[in-house]
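Biologist: I am new to this structure and would like to learn how to read it. Could we take a few features in turn?

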Amino acid sequence: LYAKYADNHPENFFDHWAKPVYTILAFPFTKLGFLGIKLFNILMSLISCYFGYKVLTKFNTKNSEYYAIILFSITLFVNVTLSGLTEPLSAAMLIGSIYLILNKKYVWGLSIISFLPFVRSEGLIILGVFFIYLTITKRLKFIPLLATGHLVMSIIGSFFYHDLLWVFNKIPYAHLASVYGNGKWLHFAEQLFFQMGIVEYSLLILGGVAMIISILKRETGSEFFYEKLWLVYGCFVSFFLAHSSFWALGIFNSMGLSRVFVFVMPLMAIIILDGLNFIEVLSSMWNKQMSTYIKNILIILILIFPFLNTPSSYKIPDDFELTSTQKTIKYKLVPYLNKYKKNKLVVLSDIDITYFYNLDPFDKKNCKMYYDIPDFNLVDSNEVVIWDNWFAPVEFNVPLEKLLENKSLKLDTSIIDKDNKGRNIQFVVFSRNKTL
């Protein structure tokens with residue numbers, strides 16, 4: 001939505017929460033609607049797959065022809081690809097930069113990676129890992145390139161913010177608090193198991209074991225060993241530990257969402273392939289022909305696992321259609337809203353309503369979010385307030401009782417539905433009480 005309406009609201013291109021680089025690159029695709037943004041993310045995931053394979057060929061990794069199967073058999077990777085989320089672009093930029101660095105194109109690779117924080121905030125973690133890699137490999141002269149993204153975006157964005165330091169001052173997650181609470185330290189270790197399935201999850205762990213063994217055996221002489229250690233394993237492990245810490249400590253507004261790992265999923269697929277090769281080597285010590293059978297069985301299991309009835313399988317058709325809440329908005333809420341005159345200003349907390357009701361969420365003459373209304377007593381006669389049972393109480397701390405007890409508002413209708421797990425979906429529409 002930020003990208004779609006950026007031509008009417010140029011400041012959208014430099015909104016830190018929406019991620020400026022994603023907004024700029026996605027903007028042309030949004031002119032094709034939601035199909036366009038899905039095509040953009042599909043393109044990014046295909047680029048990730050291509051460069052992941054090319055990285056494996058530089059590493060001389062066996063069985064690299066199975067990389068695409070491994071990557072696209074992770075259902076989470078495919079589900080997030082078919083979205084308007086920023087992870088596919090960040091994944092493509094990360095693995096593409098690693099490939100450029102392996103080809104000694106440091107200026108291009110590091111310049112691209114420097115823009116990652118403007119696609120996903122975790123890009124700052126990745127920059128830290130690249131800094132360590134450049135330091136350890138004594139390529140200190142390239143370190144300043146990691147600041148390229150911040151310098152460029154600082155200068156361009158300052159024309160909108162009148163603040164050269166907006167790239168720091170406008171970071172939306174730069175506070176040690178979270179409205180979503182916190183969870184267990186092993187939350188993501190458990191969630192990745194359910195998102196990937198037992199086969200790929202086990203191979204991911206074995207890939208890590210294989211790398212540890214290589215380090216203990218001091219097998220560091222092979223070409224690109226440090227690139228693989230730091231840029232593949234280092235980025236994934238740092239990312240995993242950072243997000244585990246954010247959720248366990250309840251900081252940086254972490255929600256404990258597994259989808260963030262799509263960012264490093266092309267790297268995870270490389271580690272999974274290392275795990276597959278590790279099994280093949282071990283089993284070949286016992287029986288060479290049997291090792292080929294074991295490898296083929298594992299590949300078949302990886303390929304069919306997304307279609308089995310497991311927590312990590314596709315939920316067909318749910319994963320490929322509107323969510324239950326979106327269906328309620330489209331088929332029940334919007335038809336009700338159509339009874340109001342089009343000049344009615346809509347006040348809402350669930351941004352999906354703007355998409356299905358064809359509202360520009362940045363045009364304050366047609367639409368306002370809850371944070372635009374400091375006092376619900378001041379709602380005008382031409383305004384309609386929509387309460388939902390997720391964003392309103394959780395994101396904006398506005399319980400339904402607060403609006404029901406407000407005598408300046410009149411309850412027009414309450415729409416109650418169920419999602420596919422039996423949980424309540426509720427939208428309540430209020431208008432100005434004309435009797436007051």
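Modeller: The axes are lines fitted to C-alpha atoms, for helices over the stretch in contact, and angles run from 0 to 180 degrees between N-to-C directions. Helices (H or I, at least four residues) and strands (E, at least two) are DSSP runs, numbered from the N terminus. This is a predicted model, in which local features need pLDDT of at least 70, side-chain atom pairs count only at pLDDT 80 or more, and totals for chains, interfaces and linings use all residues. Residues are numbered from 1 along each chain as its sequence is written, and side-chain values use heavy atoms, leaving out hydrogens and water.

Biologist: At what angle do helix H12 and H13 pack?

Modeller: Helix H12 (residues 225-249) packs against H13 at about 110 degrees, and their axes are 9 Å apart. H12 and H13 are therefore roughly perpendicular to each other. Contact means heavy atoms within 4.5 Å. On the H12 side the contact includes Leu 231 and Phe 236, and on the H13 side Ile 270 and Asp 274. Nonpolar covers Ala, Val, Leu, Ile, Met, Phe, Trp, Tyr, Cys and Pro, charged covers Asp, Glu, Lys and Arg, and the others, Gly among them, are polar. By that division, the contact of H12 with H13 has nine nonpolar, no polar and two charged residues.

Biologist: How do helix H13 and helix H14 cross?

Modeller: The axes of helix H13 (residues 265-286) and helix H14 (residues 288-304) come within 7 Å and cross at roughly 150 degrees. That makes H13 roughly antiparallel to H14. Among the residues in contact are Leu 276 and Trp 286 of H13, and Ile 294 and Leu 298 of H14. Seven residues of this H13 and H14 contact are nonpolar, three polar and three charged.

Biologist: Is Leu 348 buried or exposed?

Modeller: Buried means under 20% relative accessible area, exposed over 50%, and partly exposed in between (1.4 Å probe, protein chains only). Leu 348 counts as buried because its relative accessibility is 0%. Leu 348 lies in strand S1 (residues 345-348). Leaving out residues up to four places away in sequence, Leu 348 touches several residues, including Cys 367, Tyr 370 and Ile 386. From Leu 348 to Trp 387 the C-alpha atoms are 6.5 Å apart in space, while the two residues are 39 apart in sequence.

Conventions
Parallel < 35°, antiparallel > 145°, perpendicular 65-115°, else oblique.
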